[in-house]
Each structure stands twice: as structure tokens, then as C-alpha cells.
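Biologist: I'd like to learn how to read a model like this one. Can you take me through it?

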Amino acid sequence: MPNRSSAIAPAIDPALSVNETLRRWPPAVAPLAAFGIDTCCGGAASLETAARDAGVPLADLLAAIAAAVDTAGRAARGAA
């Protein structure tokens, strides 16, 4: 059986800024905070730069954002 979350969660481009990521996918705020990513003054940085600056693996950050967006999407579809 295929992994459904990969089909539902968006592809997160590591070149997107933190601010643009939050604009597109507000649920990303939780994993960004959990990884210590600066969403205020550092919001103009790309996800790649922000992950490097925070000392976290980029792949882990992108996976956490995708999972949060996927979970929020599933909850919204269930509530509709």
C-alpha cells in the first residue's frame, strides 16, 4: 500500500523563505518553533539557511513541516 501522506503533503521547497512557508502553510509554525527556527527576524531566510543556522537536518525540518501540513489538511477534511 503506498504511503498516502507523501501523496497528500506538499513538496516543501527548501529555497522558500520561512515567511513564505508560513504564508502558504500556516500549520508549519509548530514544527518551525519545535526546531528553534526564527520566524520573526529570521523569516526572510530560506528554509535551508534557517535549518543550517539552527543546527538541524534540513530533511528532518522539511519532513516535519510536510507532516504538520498533512495532519492539518486531514483534520480540515474530516471537519468538513
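Biologist: Let me start with one side chain: is Arg 24 buried, partly exposed or exposed?

Modeller: Keep in mind that this is a predicted model. The idea is to look at the relative accessible area, where buried means under 20% and exposed means over 50%. Arg 24 has a relative accessible area of 44%, so Arg 24 is partly exposed.

Biologist: And which residue does the side chain of Arg 24 meet in a salt bridge?

Modeller: The general idea goes like this: side chains of opposite charge can pair when their charged atoms come close. Here, Arg 24 pairs with Glu 20, at 2.8 Å from N to O. Both residues sit in helix 2, four residues apart, which is about one turn of the helix.

Biologist: Which residues do the salt bridges with shared partners join into one network?

Modeller: Glu 20, Arg 23 and Arg 24. Glu 20 also has a salt bridge with Arg 23, and there the closest N and O atoms are 2.6 Å apart.

Biologist: How many residues apart are Glu 20 and Arg 23 in helix 2?

Modeller: Three, so about one helical turn separates Glu 20 from Arg 23 in helix 2, which covers residues 18-24. As for the surface, Arg 23 has a relative accessible area of 58%, so Arg 23 counts as exposed.

Biologist: How many salt bridges turn up in a search of the whole structure?

Modeller: Two.

Biologist: Now for a loop. Where is Ser 17 found?

Modeller: Ser 17 lies between helix 1 (4-8) and helix 2, in the loop that links them.

Biologist: Let's zoom out. What is the secondary structure of the protein?

Modeller: There are five helices and zero strands. Reading from the N terminus, the order is α-α-α-α-α.

Biologist: What share of the protein's residues is buried?

Modeller: Of the 80 residues, 34% are buried.

Terms used
Residues numbered from 1 in each chain as written. Predicted model: local features only at pLDDT ≥ 70, side-chain atom pairs only at ≥ 80, totals over all residues. Heavy atoms only, no water. Salt bridge = Lys/Arg side-chain N within 4 Å of Asp/Glu carboxyl O. Helix = DSSP H or I, 4+ residues; strand = E, 2+ residues; numbered from the N terminus. Buried < 20%, exposed > 50% of the residue type's maximum accessible area, 1.4 Å probe, protein only.
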